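I opened my notebook for a quick look through this one. Here is the structure, and then my entries.

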Amino acid sequence: MKEVAPTYEEFYKEVKEGFRFWWKSLSEKEVDDYLHSEEEKIRRDYQTYLNEFNKGEIDRKTFMIGGASSVAYCLQMMY
């Protein structure tokens with residue numbers, strides 16, 4: 001059975017959880033506000049990983065774990 005690519009919403013949720021790991025002291029609103037301000041970057045990175053997935057270069061697990069966590073780490077460093 002062919003793997004199905006994660007949706008943007010699934011990816012965003014993983015990014016948010018990863019970001020919260022580093023910034024536990026922020027409120028839910030502060031996290032949401034920051035991530036919304038960086039949504040262009042999150043969407044761009046999602047598209048990059050989606051292209052890699054569609055070419056068979058990465059699997060769903062790598063997309064959701066490696067991809068989302070790298071975006072979350074980058075965002076926490078930029079915060």
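Which residues of the largest nonpolar core touch the most other members? I found Phe11, Val15, Leu35, Ile42, Phe63 and Leu75, out of 20 residues in that core. By nonpolar core I mean buried Ala, Val, Leu, Ile, Met, Phe, Trp, Tyr and Cys residues joined through side-chain atoms within 4.5 Å, with buried being under 20% relative accessible area (1.4 Å probe, protein chains only). Helices α1, α2, α3 and α4 each give two or more residues to this core; helices are DSSP runs of H or I, at least four residues, numbered from the N terminus.

A note on my source: this is a predicted model, where local features need pLDDT of at least 70 and side-chain atom pairs count only at pLDDT 80 or more, while totals for chains, interfaces and linings use all residues. Residues are numbered from 1 along each chain as its sequence is written, and side-chain values use heavy atoms, leaving out hydrogens and water.

I then looked up Leu75. Setting aside neighbours within four places in sequence, I see Leu75 in contact (heavy atoms within 4.5 Å) with Val15, Phe19, Tyr34, Leu35, Glu38, Lys41 and Ile42.

Next I turned to α3. Its buried residues are Lys41, Ile42, Asp45, Tyr46, Tyr49, Leu50 and Phe53, and their cover includes α1 (8–22), α2 (28–37) and α4 (60–78). After α3 comes Gly56, with a positive phi near 85°.

Note on methods
Buried < 20%, exposed > 50% of the residue type's maximum accessible area, 1.4 Å probe, protein only.
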